[in-house]
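Trainee: Could you go through this structure with me, slowly? I would like to start with the words I need before we get to the details.

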Amino acid sequence: MGVQVFAWIATLWDGKPLLRVPMLFILGFLFIFVIGGLTGVMVAAVPYDWQVHDSYFVVAHFHYVLIGGMVFPLF
């Protein structure tokens, strides 16, 4: 996932993006997807997962991944 995110950022950096509605959706997707990925790395650590198991943190991670992976591409 990390290489993919850097490739997306490099593509935006090298080009000349216009901040219109489609680009705002892409930037929103990147932000939400990266947050979901970072919380996924945190939940993957077993001691931390024991602490946050059955909490709203896991629910938030699940929704970040679902919204970033499903809702933004549907739009």
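Mentor: Let us begin with handedness: a crossing of two helices is called left-handed if the near helix is turned anticlockwise from the far one by less than a right angle, and right-handed if clockwise. Please also keep in mind that this is a predicted model.

Trainee: Okay, so which hand does the crossing of α1 and α2 have?

Mentor: The crossing of α1 and α2 is left-handed. Helix α1 covers residues 2–14 and helix α2 covers residues 21–44, and the two pack with their axes 12 Å apart at an angle of about 150°. Because angles over 145 degrees count as roughly antiparallel, α1 is described as roughly antiparallel to α2.

Trainee: Which residues of α1 and α2 meet there?

Mentor: From α1 come Val5, Trp8 and Leu12, and from α2 they are met by Met23, Leu27, Phe29, Leu30, Phe33 and Val34. If you sort the residues of this contact by kind, you find 9 nonpolar ones, no polar ones and no charged ones.

Trainee: Stepping back, how many helices and strands does the chain have?

Mentor: The chain has 4 helices and 0 strands, so that, read from the N terminus on, the order of its elements is α-α-α-α.

Trainee: And what about the overall dimensions, say the radius of gyration?

Mentor: The chain has a radius of gyration of 15 Å, whereas a compact globule of 75 residues would have one near 11 Å. Along the principal axes, the C-alpha atoms fill a box of roughly 45 × 25 × 15 Å. As for burial, 16% of the 75 residues in the chain are buried.

Trainee: Take Thr39, then: is it buried or exposed?

Mentor: Thr39, which lies in helix α2, is buried, because its relative accessible area is 12% and the cut-off for buried is under 20%. Leaving aside residues up to four places away in sequence, Thr39 touches Phe57 and His61.

Trainee: Switching topic, what is the phi of Asp54 near?

Mentor: The phi of Asp54 is near 60°, which is a positive value in a residue other than glycine. As a general point, most residues other than glycine have a negative phi.

Trainee: Where is Asp54 placed?

Mentor: Asp54 sits in the loop between α3, residues 46–52, and α4, residues 56–74. With a relative accessibility of 72%, Asp54 counts as exposed, because exposed means over 50%.

Key:
Residues are numbered from 1 along each chain as its sequence is written. This is a predicted model: local features need pLDDT of at least 70, side-chain atom pairs count only at pLDDT 80 or more; totals for chains, interfaces and linings use all residues. Side-chain values use heavy atoms; hydrogens and water are left out. Axes are lines fitted to C-alpha atoms, for helices over the stretch in contact, and angles run from 0 to 180 degrees between N-to-C directions. Angles under 35 degrees count as roughly parallel, over 145 as roughly antiparallel, 65 to 115 as roughly perpendicular and the rest as oblique. Contact means heavy atoms within 4.5 Å. Ala, Val, Leu, Ile, Met, Phe, Trp, Tyr, Cys and Pro count as nonpolar, Asp, Glu, Lys and Arg as charged, and the others, Gly among them, as polar. Buried means under 20% relative accessible area, exposed over 50%, partly exposed in between (1.4 Å probe, protein chains only). The radius of gyration is taken over C-alpha atoms; the globule rule is 2.2 Å times the number of residues to the power 0.38.
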